[in-house]
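I opened my notebook today to look up a few things in a structure, one at a time. Come along and check each entry against the picture.

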Amino acid sequence: MADSSTADLGKGKRITGGDRSTLADELRKRYDEGESIRSLAESTKRSYGFVHRLLSESGATLRSRGGANRNSSKKA
């Protein structure tokens with residue numbers, strides 16, 4: 001899912017200024033469309049933490065964790 005703007009950033013390359021803003025906007029758009037932080041991290045070759053931080057900095061409303069609730073199987 002990476003487009004040309006994320007493909008040229010390279011793993012481990014420091015991202016600052018305009019490149020960081022552009023990446024943050026793109027990742028926020030994809031996240032708002034339903035893509036997970038893990039999939040964004042994988043497609044950009046960045047860590048989960050980096051993507052999470054970038055989304056937070058961009059003002060994205062982060063979704064709660066998914067998965068089953070542990071207590072849902074208990075009977076009343």
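I am working with a predicted model, where local features need pLDDT of at least 70, side-chain atom pairs count only at pLDDT 80 or more, and totals for chains, interfaces and linings use all residues. Residues are numbered from 1 along each chain as its sequence is written, and side-chain values use heavy atoms, with hydrogens and water left out.

Helices here are DSSP runs (H or I, at least four residues), numbered from the N terminus. I noted a general point too: in soluble globular proteins, nonpolar side chains tend to be buried together.

**Helix H3.** Which residues are buried in helix H3 (residues 37–44)? I found Ile 37, Leu 40, Ala 41, Ser 43 and Thr 44. Buried means under 20% relative accessible area, exposed over 50%, and partly exposed in between (1.4 Å probe, protein chains only). Ser 39 also lies in H3, and it counts as partly exposed because its relative accessibility is 26%. After H3 comes Lys 45, with a positive phi near 60°.

**Helix H4.** I found Arg 53 in helix H4. At 44% relative accessibility, Arg 53 counts as partly exposed. Its C-alpha atom is separated by 9.5 Å from that of Ala 24, 29 residues apart along the chain.

**Pocket.** The largest pocket is lined by Tyr 31, Ser 36, Ile 37, Arg 38, Tyr 48, Leu 62, Arg 63, Ser 64, Arg 65 and Gly 66. A pocket is an open set of points on a 1 Å grid over the protein atoms alone, where a 1.4 Å probe fits, with protein on both sides within 12 Å along at least five of seven lines; lining residues have an atom within 4 Å of a point.

**Charges over rings.** I counted a charge as over a ring if NZ of Lys or CZ of Arg is within 6 Å of the ring centre and within 35 degrees of the ring normal. The charged end of Arg 63 sits over the ring of Tyr 31, 4.0 Å from its centre. Likewise, the charged end of Arg 46 sits over the ring of Phe 50, 5.2 Å from its centre.

Note on methods. Helix = DSSP H or I, 4+ residues; strand = E, 2+ residues; numbered from the N terminus.
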